[in-house]
Amino acid sequence: MAESENIQGNQQTPAPSVEKGADLSVKPQTTTPPAPATPTTPTPAPVQPTTPPAPAATIKPATPPAQPMPKPAETPQKEGGISFSNIFNKQKSKRQDTKVLTGILKKKDTTETKLKPILGDAPVLQKTIAEERTIKLKKQLRLVQSVFVIVFLAAVGSAFYFYSELSPTFDLFGPNTTQRLKDVNENLRGVQTQLNKYRYLAAQLDLNRFSFISSDFLDKTGQLANGASGQSAALSRSVGEAAQSLPILLTNVRTQLSPNIVVDTTRSAAEEELTPQQIQKQAEDDLRNALLADRREITKNADLTIANEQDLKLIDNTMKLVGNKNLLSTVRSASSEQFEADLNTYASSLESESRKELAAFMSSILSSTKSDIATISTIKANKIDWTGIMSGIENVTRTVDPTFGAGLAQSLGDGIFYTGYSFDTSNNKILLSGVTKTTTADNFTLISDLIEALELSSDFMDVDMRSFSKAGTFAAGFTSNFKIDLLLETEDAKNQNAPVALEPKTVATATGVQRSQ
Amino acid sequence: MALKTKKIVIPRKNYQRQIRTYVVVTVVIGVAALIYGFFQFQDLSTARAALEDGQTRLSEMTSFEAQIADQYATLKTAFDQDFENVRNAVDGVLPSEENYTALTKTLDDFVLTLNRQSPSIFMSNLKFSQPRMDADEEYAILPFSMTLSTTRANLERFLQYTENSGSLDDASRLLDVRSITINFPGETGLGQEQELLTVSLSLNAYFQTQQTEEQ
């Protein structure tokens, strides 16, 4: 392209003036230098001729020769066909042309190396795309590796963090959350144990008060019932005060013992998992140990004072309250209002039935405490009113023999008198020995009436006598000894339908009285 | 002479496989870490909430413990003041030992005093058996028997004494009549006030058992 432009430039160059006789052939020396390359297309720099053209002998240029210009490349036909007149110069020119061509070729080579070939770039482009893709993948791989490392480190870090906070044994940085929670739970249990200890000790104090006052109440109401003279006003006042105090004490005991002794905690991983029963037992054991610790503190002193001994008794009795389900059940189910009403009812009526009910209720509370005062109350509650029993026997006997106790049986020869009593508390058995005297020989009837009267009494049961015998004459009178076995009627027996010794219904027959079947 | 060519094998890296592997492993680790972290966070949150709650409650309960300790001290002081005499009376009612000699003196004194006030009563026999524990081993029993020659009135007074025994007012030793056998001389019967009755009594006295720390 550049080469063709140079050729056109030579053609447009005005021909130089030629003198006469001069060779008119076109000589390369006369060619004008090529036009400068257009700026739009890069052209190689004009090649300077290596040697200036030698002046011809016959031809002189009219004008000084132009500056040696680079000779454009020409075809050999054109060159050979133009002139043979200057062969040496031509040879010389050929050498010069070779050098020019070499320069042009060199120039062309230089140009070629700098320009990208049109078809040769395709493989280079694929390689570049592959490299770019590889680079891109490498970048992605590095990104993914970075994310992996971050995630891995985050996972390891979080696992370590949670382990350090939740492990029951890890304490490199001091107590962790789990261990601190365990410590707090233990402290809570410790404080709860102390609270339980004070509550139970206070409950025992109230139970002691309850024991004293209930014992005093029963004693004084008993004295009032027996008709104590001269002190009835003071006794009534004491009984009234006791009737007011006892329900309050019962409420206090219930308040102290009702709360749960177990403190609710959230179990830490460092603590053993326990069932509710085990937790309850653990709390009871803690409470006993706390009381035992107080006991040991007291017994450390070699010489115990009376106050120390009383404190020891208080602690011992309090320990019996721990885990005492019977007492808790009784106290929780008891109604203070009903108890107060029962106390006032008995204090005003002094009926034996009400007394027994009250004594049984008080005993149900106090016996479960197993304290010394409760023991006293229990023993006292089980005592038998012997004078009352003897009076009861006399009263029943008087219903059969109105003259009983008047000492008339011997003188009148008609009546009942006893020769001996035998009472045994171990089996509630009573043995009555006596004699009946009649003038009409109906001793057996008299004894039978006595048996029936005893059976009908609310104090006795299972009256039994199977053998009858009598002796005497109508002139001297008839005597019949008897020995009657009977039992004291207890509360349990009263609740049952105890069979009677003789059926109340009898049928009269010709041969006498026949027991109905 | 031909040049020896050395074949260099360049391992071809499969970047996409590596990326996939990394992605899968990362996702697996991430998901596992999230699941593990979620549950651990739950545990930690629960533990921290419980710790905070426990510390608050501990503070409250500690102050309450001080209050209830003061209340108990006040209650015990009042109890000791109110029932000091009664507590001492318990030791008379239910002594810590069988102490049968003191009981003998008490019975002898009562009968003699009664005899002086209202003749006649006479204690002709008194016999103590070996003490034994009750069925529940809550207290000890001292059985004894006695024989009285007494009028009906004095017999009733003696029985009333045993029935009222154990009162904390007079700190009398707790007694319980277990059996009575009364023989009436002649044919006078129970109603004869002035006749002397021969009465055999079997009674129990009680005392406390010693509490040990092991019990």
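The legends below walk through several close-up views of this predicted model.

Before we start, a word on conventions: residues are numbered from 1 along each chain as its sequence is written, while chains are lettered from A and ligands numbered from 1 in the order in which they are written. Because the model is predicted, local features need pLDDT of at least 70 and side-chain atom pairs count only at pLDDT 80 or more, whereas totals for chains, interfaces and linings use all residues.

**View 1. Chain A as a whole.**
Chain A holds 16 helices and seven strands; these are DSSP runs numbered from the N terminus, with helices being H or I of at least four residues and strands E of at least two. Of its 517 residues, 26% count as buried. Here a residue is buried if 20 or more other C-beta atoms lie within 10 Å of its own, exposed if 12 or fewer, and partly exposed in between, with C-beta atoms placed from the backbone. Among the contacts in chain A with a separation of 6 or more, 65% come from residues 24 or more positions apart. Two residues are in contact if their C-beta atoms, placed from the backbone, lie within 7 Å.

**View 2. Strand β1(A) and its partners in two chains.**
Strand β1 of chain A covers residues 415–424, and seven of its ten residues are buried, so the strand is largely enclosed by the rest of the structure. Within chain A, nine bridges join β1(A) to the antiparallel strand β2, residues 429–438; strands pair if DSSP finds at least two bridges between them. Look for A:Tyr421 opposite A:Leu432 in β2(A). The two strands make a hairpin with four residues between them, and A:Asn428 in the turn has a positive phi of about 55 degrees. β1(A) also reaches across to chain B, where five bridges join it to strand β4 (residues 175–183), again antiparallel. In this pairing A:Gly420 stands opposite B:Asn183, and A:Phe423 has B:Ile180 as its bridge partner.

**View 3. The side of chain A that touches chain B.**
The contact takes 74 residues from chain A and 70 residues from chain B. Elements giving two or more residues to the chain A side include α4 (121–166), α5 (177–225), α7 (276–299) and β1. The largest share of that side, 21 residues, belongs to α5(A). By class, the chain A side has 35 nonpolar, 24 polar and 15 charged residues. For these classes, Ala, Val, Leu, Ile, Met, Phe, Trp, Tyr, Cys and Pro count as nonpolar, Asp, Glu, Lys and Arg as charged, and the others, Gly among them, as polar.

**View 4. Helix α5(A) against α12(A).**
α5(A) and α12(A) pack at an angle of about 30 degrees, with their axes 9 Å apart. That angle makes the two helices roughly parallel. Axes are lines fitted to C-alpha atoms, for helices over the stretch in contact, and angles run from 0 to 180 degrees between N-to-C directions. Angles under 35 degrees count as roughly parallel, over 145 as roughly antiparallel, 65 to 115 as roughly perpendicular and the rest as oblique. Residues of α5(A) including A:Asn208, A:Ser211 and A:Phe212 meet residues of α12(A), among them A:Ile373 and A:Ala374. This contact has four nonpolar, five polar and no charged residues.

**View 5. Helix α5(A) against α8(A).**
Here the packing angle is about 105 degrees, and the axes of α5(A) and α8(A) are 9 Å apart. The two helices are therefore roughly perpendicular to each other. A:Tyr200, A:Leu201, A:Ala203 and A:Gln204 in α5(A) meet A:Leu314, A:Asn317, A:Thr318 and A:Leu321 in α8(A). The contact divides into five nonpolar, three polar and no charged residues.

**View 6. Strand β5(A) and its neighbours.**
Ten antiparallel bridges join β2(A) to β5(A), with A:Gly434 opposite A:Phe482. Strand β3 (residues 460–464) of chain A also pairs with β5(A) in the antiparallel sense, over three bridges, and there A:Phe460 stands opposite A:Leu488. β4(A) pairs with β5(A) over three antiparallel bridges, where A:Ala471 faces A:Thr479. A hairpin through three residues joins β4(A) to β5(A).

**View 7. A:Phe474 in its loop.**
A:Phe474 lies in the loop between β4 (471–473) and β5 (477–488) of chain A. Is A:Phe474 buried or exposed? With 10 other C-beta atoms within 10 Å, A:Phe474 is exposed. A:Thr438 is 36 residues away from A:Phe474 in sequence and 8.9 Å away in space, C-alpha to C-alpha.
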